[in-house]
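Hi there,

I promised to pass this one on to you, so please have a look below.

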Amino acid sequence: MARLILLGAPGAGKGTQAKALATLVQIPHISTGDILREAVAHQTALGVKAKSYMEQGNLVPDDLVIALIRERLSQPDAQTGWILDGFPRNESQAAFLDELLEEMDQVYRYAVNLEVPDDVLVQRMLGRGRADDTEEVIRRRLQVYHHQTAPLINFYQVRHKLVSIDGNVTPEAVLDKLKSLL
Ligand code: ADP
């Protein structure tokens, strides 16, 4: 059963890699960022609540994201595996995920950290032009990453689940490494 958690800063390439891997292995790519952007675009109750946090580069409150993940992981297509991209993003989300998976009798293989230097991340995000990819918001997202998400590297390391991959190489080279983990 293929279950992977992708860690890494904004712009590290999680989305690109998760999409490619999910197609290859035929399991769902679950991106909280994509789900939230879609909710914002459709002005659903979730989207209306999440919008201002996303625009400022802050994390959307845990209760919203946790409810979203609980519901997504219970869908039939997620029972044979998944690639998680953008979740968990802080320690309480990570602790929730471990509990949920235990409850569901599921285990993940690895949490993969895609390592990319900050200056490269900024250049990549500026080139991508998403609504929240202005320089000011990018700086805020990196700050949030270093304060809240980077500690998850240690969270997974102590659980012997962490694998680190150099993300500052071609997308093909990163994908080859990821394939070898499945
Ligand atoms: P990136 O990895 O480039 O920052 P994402 O698409 O993963 O982009 O996330 C975009 C935004 O969506 C984040 O800045 C945040 O506001 C919100 N978001 C996504 N996932 C989460 C999460 N797990 N917890 C809280 N907020 C989230």
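Helices (H or I, at least four residues) and strands (E, at least two) are DSSP runs, numbered from the N terminus. Keep in mind that this is a predicted model: local features need pLDDT of at least 70, side-chain atom pairs count only at pLDDT 80 or more, and totals for chains, interfaces and linings use all residues. Residues are numbered from 1 along each chain as its sequence is written, and side-chain values use heavy atoms, with hydrogens and water left out.

Let's begin with helix H5 (91-103). Just after H5, Asp 105 has a positive phi of about 60°. At the start of H5, a side-chain oxygen of Asn 90 comes to within 3.2 Å of the backbone nitrogen of Ser 92. That is a polar contact (a pair of N or O atoms within 3.5 Å; within protein, one must be able to donate a hydrogen and the other to accept it, and residues adjacent in sequence count only if both atoms are side-chain atoms).

Which residues of H5 are buried? They are Gln 93, Ala 94, Phe 96, Leu 97, Leu 100 and Leu 101. Buried means under 20% relative accessible area, exposed over 50%, and partly exposed in between (1.4 Å probe, protein chains only). These residues cover an arc of only 160° around the axis, so they sit on the same side of H5; the arc is that of the directions from the helix axis to the C-beta atoms. Glu 99, Glu 102 and Glu 103 are exposed on the other side of H5. The buried residues of H5 pack against S1, H4, S3 and H8.

Next, the largest nonpolar core has 27 residues, of which Ile 5, Ile 69, Trp 82 and Tyr 156 touch the most other members. Such a core is a set of buried Ala, Val, Leu, Ile, Met, Phe, Trp, Tyr and Cys residues joined through side-chain atoms within 4.5 Å. H4 gives the most to this core, with six residues. Apart from it lies another core, of 26 residues, including Leu 6 and Met 125.

Finally, the ligand. Among the 20 residues around the ligand, Thr 32, Arg 37, Asn 58, Gly 86 and Arg 128 come nearest; a residue counts as near if one of its heavy atoms lies within 4 Å. A polar side-chain atom of Arg 37 is 2.8 Å from a ligand oxygen atom, and one of Lys 14 is 3.3 Å from a ligand oxygen atom.

Enjoy exploring!

Methods
Contact means heavy atoms within 4.5 Å.
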